[in-house]
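User: I'm new to this one. Can you walk me through it?

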Amino acid sequence: MLIPNRRNVNLAVKFGLHWLNRQYFQLLSDLQNCPLCLTLSILEHPICVYCLNDLPWITRACRQCGYPHDHAIDSCEHCFDTQNVFSCFSALAYQDAVKWMFYRVKKHRDEPIARALSDVLAIYLSQRRLHPIPDAIIPIPTTKQQRRKRGFNLPELLIQYLPANLKHLYRPILKSHKPNAEVKHLSRAQRIATNHRFSVSGPVPRHVVIVDDVITTGATMMAAIGALKAHGAECIEIWSVARTPLSHSHEN
Ligand SMILES: [Zn+2]
Ligand SMILES: [Zn+2]
């Protein structure tokens, strides 16, 4: 039995203070601001639970192209492709706070918001996706001009913030040839007709995922799917953080 004496008491006090000190700094490092409402708390996700609940989640959508509908259906009039060889998961409707989040990331490279968008995608996939882990996760590429202007490619940034079991599958094997600005002001039909091609710079595994930030017309996706299918991809999934209504076609 330990007999209390001055040395033992001093040691116990010292140990206790050290423990409290560690807990205090741990608490400080765990505290973070929700990037949307700026509430300071210990967050399980980059966005607080209240803001997460307020986001415009796409809860019912076409199982193929991911376009929002009143109820879940297997394919719809907006499907990019009638051959049912892919499935698209878009987490949010591109509106309100979501537009602001993309503005912050694209114009100011707001890393906490980028991490939050990636987390939103991961949450959505964990709740809805039933497929096995893919062989490769491929970002929609940007052109050299766009990368020089913005300094980064958002789909690549989103993949870097995905959970560890997904982000190590990152394979940037798609290359873009034409500047996306050329198709930016075209209608959906014109964009789909426009043959803005991608090339493939490495072996393509059987089951691949294409990641984009926002989908509007699906024309970019069709081109990417075509390029990957031509190089041997058999099962193609599309993951995007957001999706616009077809009438607001200002993204790719
Ligand atoms: Zn919040
Ligand atoms: Zn559809």
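Analyst: We'll take the sheet, then the helices, then a single residue. Keep in mind that this is a predicted model.

User: Sheet, then. What is the order of the four strands?

Analyst: The order is β3-β8-β7-β4. The sheet is open, and the pairing is parallel.

User: Which strands stand at the edges?

Analyst: β3 (86-93) and β4 (136-139) do. Each has a single partner strand, so one side of each is left without a neighbour in the sheet.

User: And how many degrees does the twist average?

Analyst: From one strand to the next, the twist averages 20 degrees.

User: How many bridges join β7 and β8?

Analyst: Eight bridges, in the parallel sense. β7 covers residues 207-215, and β8 covers residues 235-243. One bridge to look at: valine 209 has glutamate 237 in β8 as its partner.

User: What about helix α9? Which strands does it touch?

Analyst: α9 (residues 219-230) packs on the sheet and touches β3, β4, β7 and β8. Its direction makes about 165 degrees with that of β7.

User: Which strands does α4 lie across?

Analyst: β3 and β8. Helix α4 spans residues 111-128 and runs at about 125 degrees to β3.

User: OK, what angle do α3 and α4 pack at?

Analyst: About 130 degrees, with the axes 8 Å apart. That makes α3 oblique to α4.

User: Is the crossing left-handed or right-handed?

Analyst: The crossing of α3 and α4 is left-handed.

User: Which residues meet there?

Analyst: From α3 (residues 97-108), Trp100, Met101, Phe102, Arg104 and Val105 take part. They meet Ile113, Ala114, Ala116 and Leu117 in α4. By class, the contact has eight nonpolar, no polar and one charged residues.

User: Let's zoom in on methionine 101. Buried or exposed?

Analyst: Methionine 101 is buried, with a relative accessible area of 0%. The cut-off for buried is under 20%. This residue lies in helix α3.

User: What does methionine 101 touch?

Analyst: Leaving out residues up to four places away in sequence, methionine 101 touches Leu36, Ile47, Leu55, Ile113, Ala116 and Leu117. Among them, Ile113, Ala116 and Leu117 are in α4.

User: And how far apart are methionine 101 and proline 35?

Analyst: They are 66 residues apart in sequence. In space, the C-alpha to C-alpha distance is 9.2 Å.

Conventions: Residues are numbered from 1 along each chain as its sequence is written. Chains are lettered from A and ligands numbered from 1 in the order in which they are written. This is a predicted model: local features need pLDDT of at least 70, side-chain atom pairs count only at pLDDT 80 or more; totals for chains, interfaces and linings use all residues. Side-chain values use heavy atoms; hydrogens and water are left out. Two strands pair if DSSP finds at least two bridges between them. Helices (H or I, at least four residues) and strands (E, at least two) are DSSP runs, numbered from the N terminus. Axes are lines fitted to C-alpha atoms, for helices over the stretch in contact, and angles run from 0 to 180 degrees between N-to-C directions. Contact means heavy atoms within 4.5 Å. Angles under 35 degrees count as roughly parallel, over 145 as roughly antiparallel, 65 to 115 as roughly perpendicular and the rest as oblique. A crossing is left-handed if the near helix is turned anticlockwise from the far one by less than a right angle, and right-handed if clockwise. Ala, Val, Leu, Ile, Met, Phe, Trp, Tyr, Cys and Pro count as nonpolar, Asp, Glu, Lys and Arg as charged, and the others, Gly among them, as polar. Buried means under 20% relative accessible area, exposed over 50%, partly exposed in between (1.4 Å probe, protein chains only).
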